[in-house]
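Here's a quick briefing to read alongside the model. Have the sequence and the 3D view open as you go.

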Amino acid sequence: MDTFCENQALASWTTADLNADKSWVFPLAEKESSHLREMVLAAFNPDRDLFEYDLAEFDVGPAEKTLKKAIQQAHHGRGVALVKNLPRHNMSEDQFKLLNWAIGLHIGVPRPQGKASQYISPVRDVGVDYRAASGRGYSSNAKLDFHVDGADVATLGCYNSAKSGGSTMFTSGVTAFQALKAERPDLAELAETDFYFSRQNEEADDEGPYYGQPLIDFCNGRLFAKWNRNRVQSAQRFETVPRLSDNQRAAMDVMDDILRRPEYMLTLNLQPGDLQIFNNHCMLHSRTDYEDFAEPEKKRLLWRLWIAPPDSPELPQSWGDFYRSTVPGTVRGGIRGHNHGNKEKIFDAKHAAVLGMPAPNRL
């Protein structure tokens with residue numbers, strides 16, 4: 001184990017490690033699942049905005065211990081956790097959406113995710129071209145590049161799975177960088193310099209259309225991994241972005257090869273009622289393409305949250321442009337997009353106060 005990742009020993013895993021030790025999987029007991037169902041049905045009102053719900057309305061009761069363990073494992077352990085048996089049967093899309101929102105409020109402050117400044121996103125195919133200048137993978141059925149999402153922690157709650165395909169893949173960025181460093185130390189060194197990422201036309205008024213960030217950086221003995229090949233390639237359309245060098249392209253190719261090696265890549269087939277929690281500091285993820293059902297009510301649907309938890313670590317300074325703060329335990333990250341106004345800012349401040357987090361700054 002390299003000294004640089006001594007604080008991430010659990011996050012430096014191989015596929016064999018996770019297959020041998022299932023402590024990252026957290027099945028809910030029937031009484032836990034039943035309580036969550038009753039909690040949501042009692043609070044649900046289709047006419048209420050999600051921002052109008054208070055954390056106090058969502059007492060998770062007997063499920064609290066299991067959910068806390070899962071969150072701890074994802075945020076400070078393996079970097080990924082899977083909660084199974086969320087109540088799904090006889091729940092509408094919007095009721096299941098509220099359940100995901102409720103769990104998210106217990107984790108931290110949800111963050112906006114795109115041009116519309118949405119705080120929870122439906123992951124389903126609406127015909128978007130993933131490779132377009134403004135393309136987003138969650139709105140397509142395409143095979144995705146390995147990437148990290150735009151907040152400290154993310155959750156994906158499965159309402160419907162696809163007819164075929166749509167598998168989720170995870171690889172530890174810590175393990176991948178160790179492999180890159182062992183095999184190609186020259187490319188590992190290059191990965192610690194800036195690559196440029198497109199904001200896919202979702203930038204806020206005070207942001208540029210792209211930003212620079214190393215693929216690998218370090219802070220307080222922790223490794224932080226950044227990757228999204230689609231956005232790096234998309235940024236090349238801007239004249240002011242430096243052209244990718246042959247060595248940079250080689251680093252991208254080798255990194256992608258390492259990330260997809262079976263010995264490093266964990267594959268999950270999410271089932272209805274599964275909740276995936278992952279750490280975007282050191283876990284890189286992807287998805288296979290998929291075929292959907294013809295019936296609208298059966299089509300693949302996951303609810304996605306990006307979250308800033310109160311116990312987040314300090315980030316490298318190079319992460320400050322995107323996250324807007326590197327200070328630990330702050331409301332940071334997300335894509336503010338074009339509609340982040342007073343309503344969103346009031347929610348951010350209100351929920352931060354409930355969790356004992358400092359008032360949001362520069363948001």
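Which element gives the largest share of the lining of the largest pocket? That would be α4, with four residues. This is a predicted model, where local features need pLDDT of at least 70, side-chain atom pairs count only at pLDDT 80 or more, and totals for chains, interfaces and linings use all residues. Numbering runs from 1 along each chain as its sequence is written, and side-chain values use heavy atoms, with hydrogens and water left out.

**The pocket**
- The largest pocket has a volume of about 300 Å³. (A pocket is an open set of points on a 1 Å grid over the protein atoms alone, where a 1.4 Å probe fits, with protein on both sides within 12 Å along at least five of seven lines; lining residues have an atom within 4 Å of a point.)
- Its lining has 18 residues, and Arg-48, Asp-49, Leu-50, Lys-97 and Ile-120 lie nearest the centre.
- Two or more lining residues come from each of α4 (93–107) and α10 (342–354). (Helices are DSSP runs of H or I with at least four residues, strands are runs of E with at least two, numbered from the N terminus.)
- By class, the lining has nine nonpolar, three polar and six charged residues.

**α2 against α4**
- The axes of α2 (residues 30–43) and α4 come within 10 Å and cross at roughly 110°, which means α2 is roughly perpendicular to α4 (65 to 115 degrees).
- Leu-36, Met-39, Val-40, Leu-41 and Ala-43 of α2 meet Gln-95, Leu-98, Leu-99 and Ala-102 of α4 (contact means heavy atoms within 4.5 Å).
- That contact has eight nonpolar residues, one polar and no charged ones.

**The sheet**
- Four strands make an open sheet in the order β5-β15-β8-β13, with antiparallel pairing (two strands pair if DSSP finds at least two bridges between them).
- β5 (144–147) and β13 (265–268) are the edge strands, each pairing on one side only.
- β8 (residues 168–172) pairs with β13 over four bridges in the antiparallel sense, and Thr-171 has Met-265 in β13 as its bridge partner.
- Helix α5 (residues 173–183) packs on the sheet, touching β8 and β15 (283–287).

Conventions: Points joined across faces, edges and corners; volume = space filled by probe spheres on them. Nonpolar A, V, L, I, M, F, W, Y, C, P; charged D, E, K, R; others polar. Axes fitted to C-alpha atoms, helices over the stretch in contact; angles between N-to-C directions. Parallel < 35°, antiparallel > 145°, perpendicular 65-115°, else oblique.
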